[in-house]
Amino acid sequence: MEDISPHYQYDGKTVISTSRLTKAFGNLVAVNDLHLEVMRGDVFGFLGPNGSGKTTTIRMLLGLIRPTAGRAIIFGMDNAYQLPAILQHIGAIVETPVFYPYLSGKDNLHVVAAASGMISGSASNRRVEEVLEIVELRAQAKDAFRKYSMGMKQRLGIGAALIADPELVLLDEPTNGLDPAGQFEIRQLIQRLAELGKTIFISSHFLHEVQQVCNRVAILQKGNLIKQGAVSELLQQSEQIVIRLNSADETQQALALLQRAREQGIDWITRAQIEVNKQSFPIIRVNAPRTRSAEINALLARNNLFAAELHPQEGSLEEVFLELTMPPAPMGGVRPGMAALARDSNK
Amino acid sequence: MESAPQVMPEPMASPSGRASSVLIGRQDYVSVLLRLTGMELYKIRRRSMSKVLSSISIIATLSLFGLIALAAFLTIKNGTPAEDVRNLTEALRLPTSLALIEQLLLNLGQVLIIILVSTIVGGEYTSGTIRLMLTRGPTRTQILLSKVGAAIACIGLGVVAITFLGVVTGLLLNLTTGVTPSFTFFSAAWSGHVLLYLLIIMLGLFAYAMMALFLSTLGRATAAGLAGVLTWSFLIEPVIVVISNFGRNISGPTSSFFQSLPDYLIGTNISALLENQNQYVFPSSPVSQAPAVSDVHALLVLAAYIAIFIGLACWISMRRDVTH
């Protein structure tokens with residue numbers, strides 16, 4: 001991506017665009033040279049291990065902290081100069097939602113509404129009631145915030161983010177502290193918001209959750225952006241074909257054959273490695289599109305290697321994430337297979 | 001404020017629009033500031049702390065005048081001459097009751113307003129709600145100035161309420177002493193000077209409140225503002241006065257430097273402004289010697305303190321990264 005020049009012209013489609021965004025705390029570079037692009041209508045997943053710089057990035061986008069270098073353009077405006085105008089279009093929760101403990105949930109929403117520029121009165125009351133309904137806190141609306149459970153706090157945080165009906169909703173770990181039913185409700189809420197044309201930016205550790213609701217993702221590691229793209233494309237990249245042959249000797253021969261095939265130009269085989277399955281049989285896990293299963297079977301058969309089992313496997317964001325954030329294994333190497341562990345854990 | 005770059009694209013209109021129940025008010029600087037100030041006052045009103053502080057000030061006012069009335073009652077029972085009773089109960093009646101109210105406001109009131117301002121500023125950092133406010137649209141300066149506005153409203157309301165309560169309580173308790181109050185001092189000019197007198201008290205409280213605002217912002221905690229201002233007003237200022245007295249016993253340029261130090265303290269300048277009003281507000285009181293500092297000097301010093309405190313608090317607030 002090229003730098004955004006001072007004469008950047010807004011295309012009307014890009015909601016967030018960062019250029020060389022960097023934040024250093026002393027010698028620690030929390031975010032390094034980040035180029036992000038979030039398009040209108042995206043449900044954008046922002047992934048990364050703990051300490052990878054996700055929250056720092058969100059804070060920079062919201063103007064809570066100043067970048068050491070680079071810039072963030074949101075709705076075509078530079079957040080270093082036009083932050084108040086930008087924030088009028090954004091609803092956000094950053095980390096654990098914090099509210100005034102002595103106020104009720106409802107009163108806290110009134111305070112947030114006033115801070116968001118909303119006129120107090122009957123319209124504001126109606127909106128607060130609507131939001132309480134959306135986040136299902138109507139029954140606890142008059143309870144003091146300090147009495148709320150973690151899940152209720154999280155829901156109130158989402159309610160506060162939605163109070164002014166913003167176009168961009170920035171959610172930092174929105175399902176933290178929620179039980180599975182609560183997580184499901186939040187996913188449904190996110191999908192409903194996306195259907196309304198809102199752009200959603202979610203930072204989350206829950207990869208299966210991101211896979212279910214997001215159409216695009218960015219993966220951050222140690223402050224560096226290591227992948228950004230459509231979820232469907234990433235999943236395609238992580239599709240695998242699992243082959244079991246009748247003996248360990250044949251398994252080695254098949255692996256060598258696949259390695260040679262790749263060297264000879266079959267570039268859709270990106271990786272092949274031997275693992276041991278749950279039944280203690282050696283298997284070959286080939287990183288290749290599922291649609292190539294028949295071709296692999298034919299290749300083996302032409303070399304008198306007949307698979308006892310051959311089945312394609314769908315990719316998961318968790319595997320993509322682990323593949324990208326774990327140290328790489330050599331082609332043909334035998335590794336414990338963190339991705340395989342992830343796959344097994346998903347079963 | 002930072003200046004915008006030369007070329008900046010027009011803000012995008014939200015194509016999806018907002019829900020019909022979301023009515024956004026005027027977004028000019030003053031309207032946002034007034035809305036935020038109203039919000040701050042709403043939060044103050046809903047805190048139990050503000051109810052406790054109000055109760056303390058009401059109870060203290062009633063107790064102070066009640067004690068004087070009680071002393072008068074006991075004195076009358078002992079058959080003390082009427083003139084002595086009149087002198088003893090002078091503080092229950094106008095205009096002397098204003099002096100008692102002034103002492104109450106500048107001592108207890110000062111502590112209470114420092115607690116309030118330190119809490120509304122430092123509390124945002126302690127609880128983390130500053131993040132909530134900063135991500136809603138208002139600038140950091142507007143958020144800080146809204147707290148200044150709330151402090152002004154609380155000081156104004158507090159001084160007027162306590163003055164009214166004190167004057168009325170004093171006059172009501174005076175009925176029990178049998179001394180007829182005299183209102184010969186009352187005139188339009190006197191009312192004007194009383195107004196000035198109350199404004200000076202408010203200015204004094206405001207100067208210390210702004211010190212609390214600055215220190216709470218600097219220390220990101222209620223305790224920073226509270227401890228800092230109390231230490232300053234009840235320890236450092238008296239110590240400087242002592243140093244000044246020490247300066248009278250030595251010679252040379254350091255002597256005049258030490259002696260002039262108190263002229264630049266908040267407390268000294270508030271006292272000077274009040275003393276300059278004494279002869280008008282309390283007509284029967286002996287005319288005091290000209291105070292060490294003039295009204296103009298005192299006002300300039302106080303204005304400088306207030307400007308420095310608010311300016312530094314704004315500067316820190318704008319420069320600071322809001323993390324945890």
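Me: How many residues of chain A are in contact with chain B, and with how many residues of chain B?

Reply: In this predicted model, 48 residues of chain A are in contact with 41 residues of chain B. A pair is counted if the C-beta atoms, placed from the backbone, lie within 7 Å.

Me: Which elements give two or more residues to the side of chain A that touches chain B?

Reply: They are strand E6 (77–78), helix H2 (83–87), helix H3 (105–115) and helix H4 (122–134) of chain A. H3(A) gives the most, with five residues.

Me: How do the residues of the side of chain A that touches chain B divide into nonpolar, polar and charged?

Reply: This side of chain A has 29 nonpolar, 10 polar and nine charged residues.

Me: What makes strand E12 and E15 of chain A a pair?

Reply: Pairing requires at least two bridges. Five bridges join strand E12 (residues 240–244) of chain A to E15(A), therefore the two strands meet the definition of a pair. They run antiparallel, and A:Gln240 stands opposite A:Gln313 in E15(A).

Me: Why is one side of E13 and of E15 of chain A left without a neighbour in the sheet?

Reply: The open sheet has the order E13-E14-E12-E15 (chain A). Strand E13 (271–276) and strand E15 (309–313) of chain A stand at the edges, and one side of each lacks a neighbour because each has a single partner strand.

Me: Which helices of chain A pack on the sheet, and at what angles?

Reply: Helix H9 (residues 248–263) of chain A touches E12, E13 and strand E14 (282–287), and its direction makes about 15 degrees with that of E14(A). Helix H10 (residues 293–302) of chain A touches E12, E14 and E15, with about 155 degrees between its direction and that of E15(A).

Definitions and conventions. Residues numbered from 1 in each chain as written. Chains lettered and ligands numbered in written order. Predicted model: local features only at pLDDT ≥ 70, side-chain atom pairs only at ≥ 80, totals over all residues. Contact = placed C-beta atoms within 7 Å. Helix = DSSP H or I, 4+ residues; strand = E, 2+ residues; numbered from the N terminus. Nonpolar A, V, L, I, M, F, W, Y, C, P; charged D, E, K, R; others polar. Axes fitted to C-alpha atoms, helices over the stretch in contact; angles between N-to-C directions.
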